[in-house]
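Biologist: Can you walk me through this one? Show me the structure first, please.

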Amino acid sequence: SIARFSSITTSSPFRFNLTNALLDDDATTIKVSPYTTTSTTLFVGTSTGKILKVENANTGSPTWSNIGSTIGVAGSVSNIAFGATENEIMVTFHNYGVNSVWFTTNGGTSWSNKEGNLPDIPVKAIIMNPLNNDEVIIGTGLGVWKTGNFKDASPSWSQSYNGMSDVKVTSFSLRSADNVVMATTYGRGMFTGQFLTGTSSVEDVLKDNKVFTMYPTVSNGSFTVFAKNSLGKAGLRMFDINGREVHRQQLDFT
């Protein structure tokens, strides 16, 4: 089951278990729709390739549906992301020997395989350029890969990680105010870049402009921050995986 907690700032938090017969294996990724505002629509990927949609997940009577039944991949879902609307859904798998990138424009009624010429590597994360929805980057076990023709039947993928090397990329985060992308890696810290209007390439999105490195990426509280001298004075804010701020400090890198 999936646990939903409310009133967590009080002395009596409430736990509600979201259970359903469709959720009969482990949930490997969870994504809340950014487009549903009057209630909560939750998307769940499982270890056996299911894509489940949970409408009204913030209530006591959520509605479950399996929107990924036509994909047919017996793998573990690593990421669920959205395009311009809630009907545009991208899904990735991090197994070998399967088609790892899928896309729907109709909310899951039908899906298209977007593997194209991508080699057989695990895919961990995916994000679409909000300024050009034919441009997509993915995080894999061999760095970042890009395509400029994602909407084609067979996209053409190529590596795009100038300075990052063949490192495992585990997640992407987008700051919508200026379309800055942050890529989190396993062992090489974090890289940032920016989506630009009408670009035909994302070489500059994750180029070697890493102004700081923090390690280890998984820590019990002790960590090291290294930055270029040009960064100067900076405010450091650290968040846990649930988005809760756990540390704040002023640093001077000069």
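Modeller: Let's start with Arg 4, found in strand β1, residues 2–6. Strands here are DSSP runs (E, at least two residues), numbered from the N terminus. This is a predicted model: local features need pLDDT of at least 70, side-chain atom pairs count only at pLDDT 80 or more, and totals for chains, interfaces and linings use all residues. Residues are numbered from 1 along each chain as its sequence is written, and side-chain values use heavy atoms, with hydrogens and water left out.

Biologist: Is Arg 4 buried or exposed?

Modeller: Arg 4 is buried, yet has no salt bridge. Buried means under 20% relative accessible area, exposed over 50%, and partly exposed in between (1.4 Å probe, protein chains only). A salt bridge is a side-chain nitrogen of Lys or Arg within 4 Å of a carboxyl oxygen of Asp or Glu.

Biologist: Where's the nearest side chain of opposite charge?

Modeller: That is Glu 55, 15 Å away. Lys and Arg count as positive, Asp and Glu as negative; His and the chain ends are not counted.

Biologist: Which backbone oxygens does the Arg 4 side chain reach, then?

Modeller: One belongs to Ala 57, 2.8 Å from a polar atom of the side chain. Another is that of Thr 59, at 3.0 Å.

Biologist: New topic. How many salt bridges are there?

Modeller: The count comes to 4. One of them joins Lys 50 and Asp 24, at 3.1 Å from N to O. Lys 50 sits in the loop between β4 and β5, Asp 24 in the loop between β2 and β3, and they are 26 residues apart.

Biologist: Are those two buried or exposed?

Modeller: Lys 50 is buried, because its relative accessible area is 19%. Asp 24 is exposed, at 53%.

Biologist: What does Glu 88 pair with?

Modeller: Glu 88 forms a salt bridge with Lys 151, with the closest N and O atoms 3.9 Å apart. Glu 88 is in the loop between β7 and β8, and Lys 151 in the loop between β13 and β14, so the pair ties together parts 63 residues apart in sequence. Glu 88 counts as buried at 12%, while Lys 151 is partly exposed at 34%.

Biologist: And what does Asp 178 meet?

Modeller: Arg 175, in a salt bridge of 2.8 Å, N to O. Asp 178 is partly exposed, at 27% relative accessibility.

Biologist: Last one. What order do the strands of the open sheet take?

Modeller: The order is β15-β16-β17, with antiparallel pairing. Two strands pair if DSSP finds at least two bridges between them. The edge strands are β15 and β17. β16 and β17 pair over 5 bridges, and Ala 183 stands opposite Phe 191 in β17.

How values were computed. Helices (H or I, at least four residues) and strands (E, at least two) are DSSP runs, numbered from the N terminus. A polar contact is a pair of N or O atoms within 3.5 Å; within protein, one must be able to donate a hydrogen and the other to accept it, and residues adjacent in sequence count only if both atoms are side-chain atoms.
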